[in-house]
Amino acid sequence: MSRHSEKKLPERVLTAQDRTTSANPWQQQAMAHWQAVNRLAARRFPQGAMAEEAALFVMEGLARDDWRRLRAFAGRSTLTTYIVALTLRLLEDFARKRFGRSKPPAWIRRLGGIWLTLFRLLCLERLAPGEAAAMAGNGLPGPVRAAEEAAYRILGEIPDCGARSGESVGLDETTVLPGTEDDCSHQEERLAREERHRLFAVLGRLLFDGNIGGEIDPRLLERLATIALPLTPEERLLLKLCYRDGVAVAEAGRLLGWNRHQTHGRLRRLLARLRQDLAEVGLEEELRLLLS
Amino acid sequence: MNHQMSEHENKRAEDRRLALLALAGEQPRPAGPCLEAETLAALVEGRLAQEEAQACLAHIAGCDACYALWLQLDREWRQHRPASRKTALLRLVRRPRVLTTVGSLLAAAASVALMLTLPSTQVDRINLPQLQEKTMSKPAMEEAAVPPAADIAAPQTQPLPAEQPARPLPAPKPSAPTAEPAKAAAPPPQVMAEAARREIKADDAGNAGRLVPPAANGPRERDRRGMQGTKEKTAVLPAEQADTEREVAAGRQDAHRQEVAALSAASRAPARATAPPPQTEREEMPATAEAWYARIRRGCQESLRPEFFSAIAAQGEHLLQKPAALSSRDRQRIEAIVAELGRKQPAGGRCPVLLELIESRDRQPQQ
């Protein structure tokens, strides 16, 4: 990381106008955050050369249209956090340009979160499971552990993971990248029937770690999953953070703006309500079989 | 223990399965377009209004891309945000363990403060000077001078009501000079009353000093003697108080002034060749014949000391030097007592004679 942080911003990033008017405040701000950009690039791409290339991609993206992205800053947050947010998005853009796009299996899309990230890191960028888990877990112990388990599960479920990697995808100015400011709503598609069957088969193995997976009928899981359990966005996020991504309960509460006691109380009440909802639709016995 | 742990693990596994079952249902569509970078940054920094933050979270709950970016940005912000002392303090204070510890410490501190505050000022006044003496080394004790009479009188008189007897103080050191305070200007009446009390107290202090050999003059021994002297003073205090109050009531301010002057003169005078009384006896002479008689009665009631009669004789001679303050009969009695004291006689036989002379004086009407 230090090797990258010591590098200077190359001249080609600066336009002729910037060189003549070096007093451009946005350019100066971008230069001031050059080390942060390098650090983030080095964390996102373990390979040194690729990290340098990604950092340059980010700076070019920031400098485009006379620092248009930076000029859009309205002061609602600190400039550093804003530049970090821009950098993270541009790094993902670079990864899509560099490694292409691949449609994940339906069960991974359904699980989402670190499963999607791990699929991209393992099957597109061909990272080792440990590297991918460390990256997907954001360096936090709980998420890294959960990500490591998920990484090996993905490798077990997708034998040809990474077989078609390294295929660059052309990217020009007209290409609309998913995940940028105006586009992420088309990620959800209708699942095919066979995909749904596979989804719940994998889900059964995931839920029960193969212990009683052979005895669980995927149709029972599908039936359970089709029941519309009302979840508010905050409740959904709480369940994702705590039980899918392995984030500590207190940390999840901090992300959602609650204190430790509020978070534990809400989680306890939410789980009790879910049990009650499933029992009220007549699935109490199935639930008992699945959970006990 | 293991059973409890396994129960906890089973409960957590059940909760996880239930949560994943709930999440396995249909994903909600993201609410609105993806978040702008600045909105996301403001959300992470907690700068959004509640409604806006909830709208952002509603989108994040359905958008995996924004969800991943949200988590990454939060991690970066946590690692590189400026260290806020207030935030760190709040986080520290909010920890239940810290709260428990701080509460216990506060309770302990309150208990100690209560224990230090609850005992009455009486105990403090008695103990604190002794503690001070204990902490002083012996050379320091020798070098330290007795505070002026006004300084001694102040803590005695201030906290006590006027009608209560003076609370005993640790006995002043016999070697300490007390002549300097007596040289002060003419004291007000209340100070003069204190001077009379001080006179009685000095007698007792002198007695205590004579009883203890100098070799045993260590701090602990001095403390013990101080306590003994305090008890003795407490026992004789009502009689002394009656004497002094009688003097004050008689309005003999001139006699007191003379007493002060006499104390100064006595302190400056060389020691007598015959039987020099202790310095405190010599310095604090009785102001009137009444006080001198009372001192003789008290000395005869207590255990007789060899210096007592010489001190009484010196005091009587001192009184005879002030004929204006004495009636003719008092002068005659004093001369008779002094003459009696000048004769060689066993110490045990002196007191009945002296008391007889005083009683005969009491029986005769004063002229």
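Predicted model: local features only at pLDDT ≥ 70, side-chain atom pairs only at ≥ 80, totals over all residues.
Figure 1. Although A:Asp65 is not a glycine, its phi is positive, at about 55 degrees. Most residues other than glycine have a negative phi. A:Asp65 is exposed, because 8 other C-beta atoms lie within 10 Å and the class extends to 12 or fewer.

**Figure 2. Positive phi at A:Arg126 in a loop of chain A.** The loop that holds A:Arg126 runs between α8 and α9 (129-136) of chain A. A:Arg126 is a residue other than glycine, and its phi is positive, near 55 degrees. With 15 other C-beta atoms within 10 Å, A:Arg126 is partly exposed.

**Figure 3. The side of chain A that touches chain B.** In this interface, 51 residues of chain A are in contact with 45 residues of chain B. The helices of chain A that each supply at least two residues to this side are α6 (79-99), α8 (114-124), α11 (193-208), α12 (218-226), α13 (233-244), α14 (249-256), α15 (260-280) and α16 (284-291). The most is given by α13(A), with 8 residues. By class, the residues on this side of chain A comprise 26 nonpolar, 13 polar and 12 charged.

**Figure 4. Crossing of α6(A) and α4(B).** Helix α4 of chain B spans residues 64-80, and its axis comes within 10 Å of that of α6(A), with a crossing angle of roughly 140 degrees. This angle makes α6(A) oblique to α4(B). The crossing of the two helices is right-handed. From α6(A), the contact is made by A:Thr81, A:Val84, A:Ala85, A:Leu88 and A:Arg89. From α4(B), the contributors are B:Leu69, B:Gln72, B:Leu73, B:Glu76 and B:Trp77. The contact of α6(A) with α4(B) has 6 nonpolar, 2 polar and 2 charged residues.

**Figure 5. Nonpolar cores of the model, including the surroundings of A:Leu118.** The largest nonpolar core has 98 residues, of which A:Ala41, A:Leu118 and B:Leu40 touch the most other members. The largest share of this core comes from α6(A), which provides 11 residues. When residues up to four places away in sequence are not counted, A:Leu118 touches A:Ala132, A:Ala136, A:Ala147, A:Ala150, A:Ala151 and A:Ile154. A second, separate core has 19 residues, among them B:Ala289, B:Ala311, B:Ile312 and B:Ile334.

Figure 6. A:Gln29 counts as partly exposed, because it has 17 C-beta neighbours inside 10 Å. A:Gln29 and A:Leu70 are 41 residues apart along the chain, with their C-alpha atoms separated by 8.8 Å.

**Figure 7. A:Ala134 in helix α9 of chain A.** A:Ala134 lies in helix α9. A:Ala134 is buried, because 21 other C-beta atoms lie within 10 Å and the class requires 20 or more. A:Ala134 and A:Ala147 are 13 residues apart in sequence, and their C-alpha atoms are 7.6 Å apart in space.

Notes
Residues numbered from 1 in each chain as written. Chains lettered and ligands numbered in written order. Contact = placed C-beta atoms within 7 Å. Helix = DSSP H or I, 4+ residues; strand = E, 2+ residues; numbered from the N terminus. Nonpolar A, V, L, I, M, F, W, Y, C, P; charged D, E, K, R; others polar. Axes fitted to C-alpha atoms, helices over the stretch in contact; angles between N-to-C directions. Parallel < 35°, antiparallel > 145°, perpendicular 65-115°, else oblique. Left-handed = near helix turned anticlockwise from the far one by under 90°. Core = buried A, V, L, I, M, F, W, Y, C linked by C-beta atoms within 7 Å.
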